[in-house]
Amino acid sequence: MSILICPVCGESLYAQGNSLVCANRHSFDRAKEGYLNLLLSGQHRSKHPGDAPQLCRARRAFLSKGYYAPLRRFVTERIRGDVVLDACCGEGYYTCAAAEKHETYGFDIAKETVRLAAKQDKRTQYFVAGLHRIPVRTGAVDTLMHLFAPFEDGEFCRVLKPGGTLLHVLPGELHLWGLKQALYKAPYRNRETPPQTVLTLVKTERLQYDVCLECTEDILNLYGMTPYCYKTAQSGLQQLSALPKLETTLDFVVMTYTK
């Protein structure tokens, strides 16, 4: 039995051929890549919710170069238990690493990112869903991974088992400092604001290291996967396009919670 539940009625979903069905005969077919679309039409406000396709492509290209590999190792080493859920999984960069040793599930509201994740990682069950109604059984998850995304305390608490672990990652105050220096005359530090949650904070750890982006393509992909590409004037993009390389700090705060 899957940990997934029907987004219509909340009953457990079971495999039946190439579909998952519930006792009330609601049925959800797998796409050819293997993912499921469990996002109902009334659960999103736009026609294409989630990250824009160009942001997804930039993120995928940048992450494939290994710049965030230390963070991926850092997070997956802290997984506890068998069943892992990656909330807002994007293209599955962290999910597929967890799948090497665990039973993994990943979801995102952006259908294109889920499609890309499922296409490259056949060990994980990916599905399209939103944070406010996660179609997962109550108390089914041992470790919930949550990196750089909106926080949904009620649903996170619900799906975690008693004693389960939440791994929450947010940008540190100096994250992408070199990129900011290249873009802005007066760069600002990030606020390290922890989420509001009833879960118990066990520990807070920092992972900080410097990288050198060796080509303009990597620089522009990093820029393209951040909110700065929407907030910065065209002159900022022109400045980055002229750089042959860029040195920047990567700064992450990893917070471990338990239920």
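1. Glu112 and Arg115 form a salt bridge, with 2.8 Å between the closest N and O atoms; a salt bridge here is a side-chain nitrogen of Lys or Arg within 4 Å of a carboxyl oxygen of Asp or Glu. Both residues belong to helix 4 and are 3 residues apart, about one turn of the helix. Helices (H or I, at least four residues) and strands (E, at least two) are DSSP runs, numbered from the N terminus. Glu112 is partly exposed, with a relative accessible area of 31%, and Arg115 is partly exposed as well, at 23%. The classes are: buried, under 20% relative accessible area; exposed, over 50%; partly exposed, in between (1.4 Å probe, protein chains only).

2. This is a predicted model, in which local features need pLDDT of at least 70 and side-chain atom pairs count only at pLDDT 80 or more, while totals for chains, interfaces and linings use all residues. Residues are numbered from 1 along each chain as its sequence is written, and side-chain values use heavy atoms, with hydrogens and water left out.

3. Arg115 also pairs with Glu33, in a salt bridge of 3.6 Å, N to O. Glu33 lies in the loop between strand 3 and strand 4 and Arg115 in helix 4 (residues 111–120), so this pair ties together parts that are 82 residues apart in sequence. In general, side chains of opposite charge can pair when their charged atoms come close.

4. Is Glu33 buried or exposed? Glu33 is buried, with a relative accessible area of 11%. The loop that holds Glu33 runs between strand 3 (27–29) and strand 4 (36–37). Not counting residues up to four places away in sequence, Glu33 touches Arg115, Ala118, Lys119 and Lys122, where contact means heavy atoms within 4.5 Å.

5. Lys119 and Lys122 also belong to a patch of positive charge on the surface, together with Lys32 and Arg60. Patches are made of residues with over 30% relative accessible area and no salt bridge; like charges are joined within 9 Å, and nonpolar side chains (Val, Leu, Ile, Met, Phe, Trp, Tyr) within 5 Å. Lys and Arg count as positive and Asp and Glu as negative, with His and the chain ends not counted. The place of a charge is taken as NZ of Lys, CZ of Arg, CG of Asp or CD of Glu. Accessible areas come from the Shrake-Rupley method with a 1.4 Å probe, and for residues only the protein chains shown count as cover. Lys32 is found in the loop between strand 3 and strand 4 and is exposed, with a relative accessible area of 80%.

6. Which residues of helix 4 are buried? They are Thr113, Val114, Leu116, Ala117 and Ala118. These buried residues pack against helix 1, strand 6 (103–108) and strand 7.

7. Val128 sits in strand 7 (residues 125–128) and is buried, at 2% relative accessible area. Leaving aside neighbours within four places in sequence, the contacts of Val128 include Tyr35, Leu36, Asn37, Leu38 and Leu39, as well as Asp108, Ile109, Lys111 and Val114. Val128 and Val253 are 125 residues apart in sequence and 27 Å apart in space, C-alpha to C-alpha.

8. The structure holds 12 salt bridges. One of these is between the side chains of Glu192 and Arg206 (3.0 Å, N to O). This pair links distant parts of the chain, with Glu192 in the loop between helix 6 and strand 10 and Arg206 in strand 10, 14 residues apart. Glu192 is partly exposed at 32%, and Arg206 is partly exposed at 42%.

9. In helix 7 (residues 216–224), the buried residues include Asp218, Ile219, Asn221, Leu222, Tyr223 and Gly224. Their cover includes helix 1 (53–63), helix 6 (177–183), strand 10 (200–213), helix 8 (228–231), helix 9 (234–241) and strand 11 (246–258).

10. Two backbone angles are worth checking. Most residues other than glycine have a negative phi. Phe148 has a positive phi of about 55° although it is not a glycine; Phe148 lies in the loop between strand 8 (141–147) and helix 5 (153–159) and is partly exposed, at 36%. Leu176, also not a glycine, has a positive phi near 60°. Leu176 is in the loop between strand 9 (160–171) and helix 6 and counts as buried at 4% relative accessibility.
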